[in-house]
Amino acid sequence: MNKNSAKKKSKIIGYILILLGLLTLAFPFSRRIYSNIENKSQIEKVIKAQKEDKQFDQIEKKAQEYNEIVKNSDISMVDPFTSKNLGSVNILENQDDIFAYLQIPKLDKNIPIYLNASYNHLAWGLGQVSGTSVPIGGESTRSVLAGHRGWWGDTMLLYADDLVKGDMIYVKRSDKVLKYSVCSKEVIGPYDWEKLKVIEGEDIITLLTCHPFIWPRPNRLLINAKRVEDKNEDPKDQIQKTEISKKVKRTNYAYIGFLLIDLILI
């Protein structure tokens, strides 16, 4: 084999390695942007199915009963990121059904909510931590929704740090839209459950994720949001449009770029 042939072979191998590297990077990025699009399209299907579900009122009643138990009991939870024995909330016939959707306009996120923060549920979306209220609203309720700082197929709560006081969070289920306003952020240890107690008379949603942003993430970031209601507002109104975070915009642009690379290389 002459030197020219050897150089040509080396170049080909080099190009192949570069292409494989680009594909390796492009696949998770393109999967993430597809996941966000998929959630946006799926949400209406899920909401429509909930409206037509004859057991909807029965499920709501069970959720209210569960929340009463939570309200009148001492808080008893385990960290969903370190423990496998999470307990269960036996409200849905199929525990893997989507219970509701969390919408965060600032983060451009539409994330499914599941009951119980199991490994699979956290891989698919957000999990309601057992021992906390089911997210249906109501006085003296506090629903803790756990989510990763990012999964291979979705950004999840990657940019939760960008949320500040006054940012809106919505829980959408059937024809109901529960409206919450971020009121505080706090970093706690993985077992500081006293920080997650129900507050008498308050209706609170708490997002729970790992902290800090960079690995390892020994602590937990809490995003607390209180229910807000406008007496003149129709509860069926659309979710308010909000300026998307600059970090999220940059990530979305990166996704589009990698998705184009992915399409070109296919």
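This is a short exchange about a predicted model of one protein chain.

Colleague: Before we start, what should I know about the model and the numbering?
Modeller: The model is predicted: local features need pLDDT of at least 70, side-chain atom pairs count only at pLDDT 80 or more, and totals for chains, interfaces and linings use all residues. Residues are numbered from 1 along each chain as its sequence is written, and side-chain values use heavy atoms, with hydrogens and water left out.

Colleague: How many helices and strands does the protein chain have?
Modeller: There are four helices and eight strands; these are DSSP runs, H or I of at least four residues for helices and E of at least two for strands, numbered from the N terminus.

Colleague: Which residues have the most contacts inside the largest nonpolar core?
Modeller: They are Leu102, Val134, Ile169 and Leu207, in a core of 34 residues. Such a core is a set of buried Ala, Val, Leu, Ile, Met, Phe, Trp, Tyr and Cys residues joined through side-chain atoms within 4.5 Å, where buried means under 20% relative accessible area with a 1.4 Å probe, protein chains only.

Colleague: Which element gives the most to this core?
Modeller: That is α2, with four residues.

Colleague: Changing topic, is glutamine 103 buried or exposed?
Modeller: Glutamine 103, in strand β1, is buried, at a relative accessible area of 10%.

Colleague: Which side chain does glutamine 103 join through a polar contact?
Modeller: The partner is asparagine 110, at 2.6 Å. A polar contact is a pair of N or O atoms within 3.5 Å; within protein, one must be able to donate a hydrogen and the other to accept it, and residues adjacent in sequence count only if both atoms are side-chain atoms.

Conventions: Buried means under 20% relative accessible area, exposed over 50%, partly exposed in between (1.4 Å probe, protein chains only).
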